[in-house]
Every structure is written in structure tokens, then in C-alpha cells.
Number of protein chains: 2
Amino acid sequence: MTILVDMDGPLADFEKGFLKQWQIVFPNERFIPLEERTTFRIQDQYGLKLHDKIRAVYSAPGFYRQLPIIPGAKEALTQLTEKGHNLRICTSPLTEYKNCVLEKYQWVEENLGSSFIKRIIVTKDKTLIRGDLLIDDNPTITGVYSPVWEHILFDKPYNRAPKHDKRLDDWFNWETVLLNG
Amino acid sequence: MTILVDMDGPLADFEKGFLKQWQIVFPNERFIPLEERTTFRIQDQYGLKLHDKIRAVYSAPGFYRQLPIIPGAKEALTQLTEKGHNLRICTSPLTEYKNCVLEKYQWVEENLGSSFIKRIIVTKDKTLIRGDLLIDDNPTITGVYSPVWEHILFDKPYNRAPKHDKRLDDWFNWETVLLNG
């Protein structure tokens with residue numbers, strides 16, 4: 001199987017990294033604890049007034065590279081490749097690409113290992129990518145095509161509202177959900 | 001139509017940029033004039049002994065960003081998008097990604113304009129990308145899948161040996177070759 005895995009959310013903990021930097025850079029602004037986040041995009045819950053500050057935090061040099069890895073992710077991805085699956089890390093860059101594109105490659109090298117670098121696909125539109133499955137925390141993935149992959153929603157507090165048939169709660173369950181589902 | 005365009009070769013003149021830097025950095029080494037280049041990979045014609053020096057030139061900071069644009073490329077890509085085609089720039093990064101990934105984005109912004117940034121797809125394997133056509137100077141494109149796109153070979157001195165049905169000689173002819181062919 002060709003298995004596509006989104007990076008921010010399923011592999012790199014964007015939300016945790018954001019909240020940590022937010023509290024350091026803007027300690028006097030309100031913050032939303034991780035478990036209370038209800039929208040996919042941070043901006044949509046923090047409110048319009050804070051958009052520029054939010055963007056300043058996540059597009060700053062070093063932000064992507066310091067994101068913590070989701071527990072079990074490295075082991076699961078290693079097992080997937082060892083079982084012969086054709087794994088790809090499928091990630092959409094920020095429009096402010098300057099720091100994030102290079103740092104995504106550095107993050108993969110430092111957190112998953114250099115053998116995973118060749119598996120990175122950077123694209124704004126994931127419907128252009130072929131595969132059997134896409135594991136992604138974004139509940140609504142659209143693009144120029146109707147996707148050929150089945151979307152497995154990687155569970156997060158902010159994506160629990162919409163009904164979704166197939167959901168991966170964490171990386172410790174991957175085999176049950178992906179291969180027997 | 002979804003039209004995928006390779007970057008090094010059809011858009012950015014990798015060969016010309018390489019030769020220029022090669023003669024600056026290693027003026028005492030032999031060089032091969034552009035019209036006498038016969039292999040797709042530079043290393044294969046310059047010889048094993050020069051591999052490290054060749055790699056040093058094209059992975060140096062600033063190498064990608066300074067590549068000259070192929071004449072007519074910007075105008076052709078702009079026309080393609082204006083006619084409603086779904087254009088994507090589909091590029092494979094060097095294994096030494098440190099400079100090339102960011103500089104590919106900078107090159108697109110500086111040479112084609114910021115509206116083209118969202119059209120970039122970075123992937124080692126182009127068979128994973130969906131599209132109607134791929135314009136690429138590489139005569140042999142392989143990957144995990146059999147491609148869904150038709151390969152249009154972008155003509156270069158080093159890809160004239162293999163027979164190839166459909167060939168784009170330059171960007172001034174794109175409409176005849178791509179749309180009526």
C-alpha cells in the first residue's frame with residue numbers, strides 16, 4: 001500500500017509547539033489549552049484581532065524545527081516501511097515559506113532519520129497525490145481533484161465535531177486501524 | 001488540463017548555471033560546452049573523479065537561486081494559467097537539501113512571481129503526482145507507480161539520443177505541441 005502521512009498534527013505536534021511559543025512570546029495574551037481547541041485553524045478560535053500575532057509565532061525562524069514529535073510516530077513509520085509499505089510524508093507549506101520549508105526537512109531528518117528525507121512531498125494540494133490512504137488531522141481536504149486515497153482522520157481535540165468514518169486515535173493503534181479496517 | 005512542469009531544465013537553466021559556476025570555482029578543470037553534453041546527469045559525462053567537485057558546485061549556497069530562467073518560460077506559464085489550465089511546478093530536490101529546497105521557492109518567487117509559489121510540488125518521485133502532462137527534460141522517469149501523465153520531453157542537447165515521441169523544443173512553441181499534439 002501507498003500510505004501518505006500528513007506532517008503537522010500526525011507527526012509534528014504543531015499545536016503543542018504553538019502554545020508553548022505563544023505563551024513565551026505573548027505572555028499577556030489569552031491562550032486556549034490544547035484540550036479546549038475546537039477549530040482546525042488556530043486563528044479561527046483565537047479571533048481575528050490576534051491573526052498577525054499568531055502568524056508571527058508560527059512563521060518565526062526555529063518554530064518548525066523545535067516542534068515535538070507525536071509519541072509512537074517514529075516507531076509506527078519505521079514499522080510501516082519495514083512491512084514494505086510505500087510511505088510518504090505529505091505536507092503543505094505555509095504561504096510564508098521562508099523558514100518552514102527548510103525546517104520541515106530538518107525536522108524529518110532530526111526526528112525520523114535521514115532515510116525519511118526522500119519520502120517528503122511538499123504540496124499545497126494533496127488531491128494531486130496518489131496513494132491508498134492519507135492520514136491527516138484536517139477534517140476537510142479539498143483540491144483540484146477528487147482524491148484517490150481514503151482519508152483516515154488523525155484524532156485531535158479540534159477535529160472531533162465533524163463525523164468521520166475512519167479515525168486513528170494515536171500511533172500505537174496504527175496496525176489495527178489501517179490494515180484491518 | 002493539469003500540466004506538471006519540471007523545474008531544473010525546462011524552467012531554471014541548471015546546465016548553464018552549473019557551467020558558469022564550474023568555470024569560476026574550478027578554472028583549471030576541464031569543462032564540457034553545453035552543446036556537447038550528452039548525458040542527463042552531469043557526473044556521468046564529466047567522470048567519476050570529478051563527482052565530489054561537481055556536487056560541491058551545485059549544492060553550494062546560492063547556486064539554485066542564481067540559475068537563469070529559460071527564455072519564454074514565464075510568458076508560457078502565465079498564458080497556461082490564464083487559459084485556465086491547472087499548472088504545477090513539479091521538482092525533485094537534491095539529497096543535499098539544505099540550500100536547494102528553500103532556494104527553489106525563492107527562485108520561483110523571484111523569476112515567475114509570488115502567485116506561482118502555491119503551485120510548487122517538491123517530490124523525489126513524480127509518478128506519485130496526478131496530471132495530464134509532465135514536461136520534463138529527463139528522458140527516463142521512474143517511480144513506484146506507472147505514471148498517469150503523458151511525458152513531454154523538454155529538448156536539451158543531453159536528451160537527444162533516446163527516441164521520444166513528443167518533444168517540446170522551447171517555450172515559444174508550447175501551444176502547438178501541448179494542446180494540438
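Does E29(A) count as buried, partly exposed or exposed, and at what relative accessibility? In this predicted model, E29(A) counts as partly exposed because its relative accessibility is 24%, a value that lies between the 20% limit for buried residues and the 50% limit for exposed ones.

E29(A) forms a salt bridge with K53(A), with 2.5 Å between the closest N and O atoms. This pair links distant parts of the chain, since E29(A) sits in the loop between α1 and α2 (42–46) of chain A, while K53(A) belongs to helix α3 (residues 51–58) of chain A, 24 residues apart. K53(A) is likewise assigned to the partly exposed class, because its relative accessibility is 30%.

In chain B, E96(B) and R55(B) meet through their side chains in a salt bridge. The pair joins distant parts of the chain, with E96(B) in the loop between β2 (86–91) and α5 (97–111) and R55(B) in helix α3 (residues 51–58), 41 residues apart. E96(B) is partly exposed because its relative accessibility is 31%, and R55(B) is partly exposed with a relative accessible area of 31%.

A further pair in chain A is formed by K126(A) and D6(A). K126(A) lies in the loop between β3 (120–122) and β4 (133–136), and D6(A) in the loop between β1 (2–5) and α1 (14–25), 120 residues apart. Both K126(A) and D6(A) are buried.

| Salt bridge | N to O distance |
|---|---|
| E29(A) and K53(A) | 2.5 Å |
| K126(A) and D6(A) | 2.9 Å |
| E96(B) and R55(B) | 3.3 Å |

Beyond these pairs, a network of salt bridges links E35(A), D155(A), R160(A) and R167(A), and the count over all chains comes to 30 salt bridges.

Technical notes. Residues numbered from 1 in each chain as written. Chains lettered and ligands numbered in written order. Predicted model: local features only at pLDDT ≥ 70, side-chain atom pairs only at ≥ 80, totals over all residues. Heavy atoms only, no water. Salt bridge = Lys/Arg side-chain N within 4 Å of Asp/Glu carboxyl O. Helix = DSSP H or I, 4+ residues; strand = E, 2+ residues; numbered from the N terminus. Buried < 20%, exposed > 50% of the residue type's maximum accessible area, 1.4 Å probe, protein only.
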